[in-house]
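Please consider the sequence and the model together.

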Amino acid sequence: MEKIVTIKLKPINSSNWEECANLNVSADQMSALPSNLFSIAELNFYPQTKAVAILNTKDKIIGFATYGTPENEKVSKIFRLMIDEKHQGKGYGRAALTEIAKELFFKNNSDEIQVCYDPNRSSLKNFYGSIGFKEKELLPCKRRREGKMLAVLSCDDFHFE
Ligand SMILES: CC(C)(COP(=O)(O)OP(=O)(O)OC[C@H]1O[C@@H](n2cnc3c(N)ncnc32)[C@H](O)[C@@H]1OP(=O)(O)O)[C@@H](O)C(=O)NCCC(=O)NCCS
């Protein structure tokens, strides 16, 4: 039987942002996203973006994510999602992705969630595909010559326990 993994999403605040900034991905994953410190700095300029710490059942911060729904829009975006390298491969990433998608569909009333990632990382296709994301098209990207893959999740395709 599949183990149920529970996580909590907690908005970042003055007491947890430094811990989020100190989380790390592995060396070969660093090109996937900027540092959490950069993502936290960016929040100053995108007030509709929500940033959360991802906590395990012992209330330890094990990951970080940013996402949001622009005002009066039905399409939400997940900008960043990371699990600290020491805690990867334990189901936390998918549990966090599922909670974020539930919030965007059922609280923000989105029709669709979009995410972009490095097209060379087949593990990300599997990871996002595991809750129903479908790859749509390659988009131009400032940081990567081969572009970024846009994957889309509609509420009808979303599967979760
Ligand atoms: C992507 C990421 C968030 C996944 O978190 P995680 O906690 O390790 O993932 P989970 O343990 O929930 O795994 C969920 C599924 O994805 C697969 N998966 C996750 N990361 C994988 C990897 N690096 N390689 C191969 N498969 C992977 C797992 O095998 C699992 O599938 P399974 O249930 O069929 O075994 C994490 O690897 C990470 O932080 N990566 C660096 C940042 C990044 O690339 N973010 C996404 C783009 S912004």
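**Aromatic pairs and nonpolar cores**

Eight aromatic pairs are counted under the rule that rings of Phe, Tyr and Trp (its six-membered ring) pair if their centres lie within 6.5 Å, with planes under 30 degrees apart taken as stacked, over 60 as edge-to-face and the rest as tilted. The pair of Tyr117 and Tyr128 is stacked, because the ring centres are 5.4 Å apart and the planes lie at 5°. This pair links distant parts of the chain, 11 residues apart: Tyr117 belongs to strand β5 (residues 112–117) and Tyr128 to helix α4 (residues 122–129). Helices (H or I, at least four residues) and strands (E, at least two) are DSSP runs, numbered from the N terminus.

The model is predicted: local features need pLDDT of at least 70, side-chain atom pairs count only at pLDDT 80 or more, and totals for chains, interfaces and linings use all residues. Residues are numbered from 1 along each chain as its sequence is written, and side-chain values use heavy atoms, with hydrogens and water left out.

A nonpolar core is a set of buried Ala, Val, Leu, Ile, Met, Phe, Trp, Tyr and Cys residues joined through side-chain atoms within 4.5 Å. The largest has 27 residues, and Ile54, Ile78, Leu81, Ile113, Phe133 and Leu153 have the most contacts inside it. Helix α3 (92–107) is among the elements that give two or more residues to this core, and α3 gives the most, with eight residues.

Definitions and conventions
Buried means under 20% relative accessible area, exposed over 50%, partly exposed in between (1.4 Å probe, protein chains only).
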